[in-house]
Amino acid sequence: MISNDKLKSVEHRVVANEKGPRVSVACFFSSSVAASTKVYGPIKELLSDENPPRYRETTVRDYVQYSFSKGLDGAPRLLHLKL
């Protein structure tokens with residue numbers, strides 16, 4: 001989203017080891033998601049008439065709330081922000 005699709009990331013996939021269970025741990029490095037009002041979106045320097053924004057701006061709070069509301073449905077969360 002921040003690079004406005006100039007840089008593409010790969011979808012994360014894991015092949016589990018057959019020797020024992022696989023354990024995943026989610027880590028969030030913020031003291032409070034609710035307190036953040038900073039808005040994130042495509043970097044302005046990467047935008048032009050030929051390359052308009054492809055994503056709407058959002059806050060971390062709104063993104064996390066949307067992500068949690070969707071559950072584990074397998075759909076990419078950024079599709080929600082696509083213009």
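Start by selecting R77 and D73: their side chains meet in a salt bridge, 2.9 Å from N to O. A salt bridge here is a side-chain nitrogen of Lys or Arg within 4 Å of a carboxyl oxygen of Asp or Glu. Side chains of opposite charge can pair when their charged atoms come close. R77 is buried at 16% relative accessibility, while D73 is partly exposed at 41%. Those labels mean under 20% relative accessible area for buried, over 50% for exposed, and partly exposed in between (1.4 Å probe, protein chains only).

Salt bridges with shared partners join K70, D73 and R77 into one network.

A word on what you're looking at. This is a predicted model, where local features need pLDDT of at least 70 and side-chain atom pairs count only at pLDDT 80 or more, while totals for chains, interfaces and linings use all residues. Residues are numbered from 1 along each chain as its sequence is written, and side-chain values use heavy atoms, leaving out hydrogens and water.

Next, select D5 and K82. Which parts of the chain does this pair tie together? Their side chains meet in a salt bridge of 2.8 Å, N to O. D5 lies in the segment before β1 and K82 in the segment after α1 (60-70), so the pair ties together parts that are 77 residues apart in sequence. D5 is buried at 15% relative accessibility, and K82 is partly exposed at 38%. In all, the structure holds four salt bridges.

Most residues other than glycine have a negative phi. N4 has a positive phi of about 60° although it is not a glycine, and D5 has a positive phi near 70°. N4 is in the segment before β1 and is buried, with a relative accessible area of 1%.

Now go to G41, in the loop between β1 (39-40) and β2. Is it buried or exposed? At 13% relative accessibility, G41 counts as buried. Not counting residues up to four places away in sequence, G41 touches M1, I2 and E57; contact means heavy atoms within 4.5 Å.

From there, jump to T58 in strand β2 (residues 58-59). T58 is buried at 8% relative accessibility. Leaving aside neighbours within four places in sequence, T58 contacts K38, V39, Y40, Y63 and L81.

Finally, zoom out and colour by secondary structure. The protein has one helix and two strands, running β-β-α from the N terminus. Helices (H or I, at least four residues) and strands (E, at least two) are DSSP runs, numbered from the N terminus. The radius of gyration is 16 Å, well over the 12 Å that the globule rule gives for 83 residues, so the protein is more spread out than a compact globule. That radius is taken over C-alpha atoms, and the rule is 2.2 Å times the number of residues to the power 0.38. Along the principal axes, the C-alpha atoms fill a box of roughly 55 × 30 × 20 Å. Buried residues make up 17% of the 83 residues.
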